[in-house]
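Visitor: Please show me the model, and then let us go through it by question and answer.

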Amino acid sequence: PAQSPSQSYDDQKLEAFTVAFLAVSDIQQEYSSKFRQAPDDGKKQQIQTEATQKMEKAVNDTNGISVDEYNQIIQSAQTDEALAQKLNGMIGQASQQKQ
């Protein structure tokens with residue numbers, strides 16, 4: 001069943017999302033330069049596939065969240081301004097602690 005965009009997520013789920021989001025973000029940064037430097041479309045496709053697999057693994061390796069839940073939260077945040085603001089704050093705090 002489709003879940004409503006106004007679904008609320010508990011703080012534990014959002015914290016797990018934040019951890020996964022930062023891991024995915026690191027992978028995206030790592031692979032974006034590899035993608036730009038790829039000599040041809042075949043190599044770009046290979047890099048894209050590898051990056052997607054690594055991002056899915058990073059989410060799966062995060063306790064408390066699945067890839068489906070991760071994607072649902074991203075979709076919800078696109079239509080739920082309050083959720084988006086809360087996540088931005090949590091991600092900002094987490095990334096400062098990581099430095």
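**Surface, helices and salt bridges**

Guide: The accessible surface of the chain comes to about 6,800 Å², and 46% of that belongs to carbon and sulfur atoms; areas come from the Shrake-Rupley method with a 1.4 Å probe, and for residues only the protein chains shown count as cover. This is a predicted model, in which local features need pLDDT of at least 70 and side-chain atom pairs count only at pLDDT 80 or more, while totals for chains, interfaces and linings use all residues. Residues are numbered from 1 along each chain as its sequence is written, and side-chain values use heavy atoms, with hydrogens and water left out.

Visitor: Which pattern does the chain follow along the sequence?

Guide: Helices (H or I, at least four residues) and strands (E, at least two) are DSSP runs, numbered from the N terminus. The chain has four helices and zero strands. Read along the sequence, the pattern is α-α-α-α.

Visitor: What percentage of the residues of the chain count as buried?

Guide: Buried means under 20% relative accessible area, exposed over 50%, and partly exposed in between (1.4 Å probe, protein chains only). The chain has 99 residues, and the share that counts as buried is 28%.

Visitor: How far does helix α2 reach from its first C-alpha to its last?

Guide: Helix α2 covers residues 41–60, which is 20 residues. The expected span is 1.5 Å times one less than the number of residues. That expectation is 28 Å, and the helix comes close to it, reaching 28 Å.

Visitor: Around the axis of α2, how wide is the arc that the buried residues cover?

Guide: The buried residues of α2 are Ile47, Ala51, Met55, Ala58 and Val59. An α-helix has 3.6 residues a turn, so residues three or four places apart point the same way.

Visitor: Which helices do the buried residues of α2 pack against?

Guide: On the other side of α2, Gln45, Gln53 and Lys57 are exposed. Contact means heavy atoms within 4.5 Å. The buried residues of α2 pack against α1 (11–37) and α3 (67–79).

Visitor: Which residue caps the N-terminal end of α2?

Guide: A side-chain oxygen of the capping residue lies 3.1 Å from the backbone nitrogen of Gly42. The residue is Asp40.

Visitor: How many residues apart are Asp11 and Lys86?

Guide: A salt bridge is a side-chain nitrogen of Lys or Arg within 4 Å of a carboxyl oxygen of Asp or Glu, and the count comes to four. One of them joins the side chains of Asp11 and Lys86 at 2.7 Å, N to O. Asp11 is in helix α1 and Lys86 in helix α4 (residues 81–98), so this pair links distant parts of the chain, 75 residues apart.

Visitor: Is Lys13 buried or exposed?

Guide: Lys13 lies in helix α1 and forms a salt bridge with Glu69 (3.1 Å, N to O). Leaving aside neighbours within four places in sequence, Lys13 is in contact with Gly64, Ile65, Glu69 and Ile73. Its relative accessible area is 18%, so Lys13 is buried.

Visitor: What is the N to O distance in the salt bridge of Lys57 and Asp61?

Guide: Both Lys57 and Asp61 are exposed. Their side chains meet at 2.6 Å.

How values were computed. A polar contact is a pair of N or O atoms within 3.5 Å; within protein, one must be able to donate a hydrogen and the other to accept it, and residues adjacent in sequence count only if both atoms are side-chain atoms.
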